[in-house]
Amino acid sequence: MQNTVDYLIVGAGMAGAAAAQALREADGKATIAMLGDEPHPPYDRPPLSKGLWKDGKEGDIWRPIDKARATVHTGRRALTIDRTAHRVQDDAGDAWTYRRLLLATGGAPRTLPFGSGFTYFRTYDDYRQLRRRARPGAHIAVIGGGFIGSEIAAAMTMVGCRVTMLFPEAAIGARVFPVALADSVTAYYRERGVDVRSGITATGGEAGANGAELALSDGSTLTADAVVAGLGIVPNVQLAQAAGLQLELGGIVVDDHLRTSDPDIYAAGDVAAFPAPALGRRMRVEHENAAVTMGQRAGQCMAGLDAPYRELPYFYSDLFDLGYEAVGTLDSRLETVEQWVTPFREGVVYYLDAGRVRGALLWNTWGQVDNARALIAAPGSFDAASVRGRLPK
Ligand SMILES: Cc1cc2nc3c(=O)[nH]c(=O)nc-3n(C[C@H](O)[C@H](O)[C@H](O)COP(=O)(O)OP(=O)(O)OC[C@H]3O[C@@H](n4cnc5c(N)ncnc54)[C@H](O)[C@@H]3O)c2cc1C
C-alpha cells in the first residue's frame, strides 16, 4: 500500500513518542505515522531494570501517546529510505511518503560471539522473559559490570535470586567511577550477597530451557538457571547509512535543530550524535533525558518551530538503595575530585580535564543537575582545590 503522511517517525521508542507528542502540540492538523519493529507501543525502558522488580506495575511503563493522535504501526520495520522520493519502505510491503522524517531507532544490544539462549536485556519482552526465569532461589549469571549489568544484578538479588556477576574490569562501574568508589560499590554488592567476579569474562557457553553453562576466562565453568548480558548497544544506523546520511561516533550526525545531513530527515535519542556546546564537542549518549528532550525538540523543529537542543543531558541509575544523577562526561580516566559528605554514600565527584569541569557525578545528591550543567559550561579554570565545594549550591 502507498501512504502519504506529513510526518513519519521510524522507531516507536522513547524519543519517537516524545516527538509525536510535540508534533501534535505544534501542528493540530498534521498526519503523523510511527513505525516500530517491537510488538508494543512506546514504553519507558528504565523501569525494566529497576522499578518493575520492586512494584511490578507494568501498566505504568507505557508512554502517553494517545494525545498525539499518531497512527502507531507496531511490528513494522522500516527497510529503506529513498531520499529523492521522500519515501520509506517497510517490511509489510507498505511505502510511506513523508514531508519530514524522524529516525529514532535507538540501538541493538551487543551480543557475545558464542552461544544462544542468553537474555541481552533491552526490551519489555526481555523483561518478561527474565521475570519468568527469576524465581526466588534461581541462580542468575549476569555478564557485564556497567549500567545494565549492575542494575539487573541488584534487581535479581532483591527478588530473591542467587546472582553471580562477571565482567572484565577490576570493579563494578570502573569505567565511570573513581577507583575507590567503584571498589566500594563492589564491596556493597558482595555484602548484599552478589557473587562478584571481577576481571573475569565468559569465553563460551550456551543457555536453554533447562539452564545455562558458561566457560570462564579463569578456566572454570559456571552453571546457572539463566544468563543475562548487559554489554552495551550498537546504534541502529543501518537505514541512515544506506541512505548516505553523515555518521559520526557510531551515530547519525545532527545539528542543534536535530536535522541530519538531509534537511528533511531528523534524528533523536540514542542514535543521534549531537553538538554539546558546553563540552565543545559532539556527543552521543544513551540516556532517557536525552531521548525525551531531543525527541520533543525534533518534533518541534520538524513542525517548523525554532527549538534548538543545546543543553547537556543527564542520566541516573539505582543500585540497590544507592542512587545517583550524573551530567557530562563521566570517564574514570579523567582527573577525578571526590567530595564526600559520607564516604561513598553521599557526595559529588568532579571530572576535570585541562582546567575545565567535564562531568559531575551527584551521588545520592539531588536537585543539582542544572547547577552541574552550569559548572560544566563555566570557562574555569578549575583544579582540585578550586572545584571543591562548587556543588551542591
Ligand atoms: C533496561 C534499561 C534501563 C535503562 N535505564 C536508564 C536509566 O536509568 N537512566 C537513563 O538515563 N537511561 C536509561 N536507559 C536508556 C534509555 O532507556 C534510552 O536512552 C532510551 O530508551 C533511548 O530512546 P530511543 O527512542 O533513542 O531508543 P529506544 O527507546 O531504544 O527506541 C528505539 C525503537 O526503535 C525501534 N527500531 C529500530 N530500528 C527500527 C526500524 N528500522 N524500523 C522500526 N523500528 C525500529 C527499536 O526496536 C526500538 O523499539 C535504560 C535502557 C534500558 C534498556
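Q: Where does Val237 lie?
A: In this predicted model, where local features need pLDDT of at least 70, side-chain atom pairs count only at pLDDT 80 or more, and totals for chains, interfaces and linings use all residues, Val237 lies in the loop between strand 16 (233–235) and helix 6 (238–242). Residues are numbered from 1 along each chain as its sequence is written, and helices (H or I, at least four residues) and strands (E, at least two) are DSSP runs, numbered from the N terminus.

Q: Why is Val237 called buried?
A: A residue is buried if 20 or more other C-beta atoms, placed from the backbone, lie within 10 Å of its own, exposed if 12 or fewer, and partly exposed in between; Val237 has 20 such neighbours inside 10 Å, and therefore counts as buried.

Q: Which residues is Val237 in contact with, leaving aside its neighbours within four places in sequence?
A: Contact requires that the C-beta atoms of two residues, placed from the backbone, lie within 7 Å, and on that basis Val237 is in contact with Leu247, Gly251, Ile252 and Val271.

Q: What makes strand 12 and strand 13 a pair?
A: Two strands pair if DSSP finds at least two bridges between them; strand 12 and strand 13 (residues 211–216) have 6 bridges, in the antiparallel sense, and so they pair.

Q: What makes strand 12 and strand 14 edge strands?
A: In the open sheet of 3 strands, with the order 12-13-14 and antiparallel pairing, strand 12 (202–208) and strand 14 (221–224) each pair on one side only.
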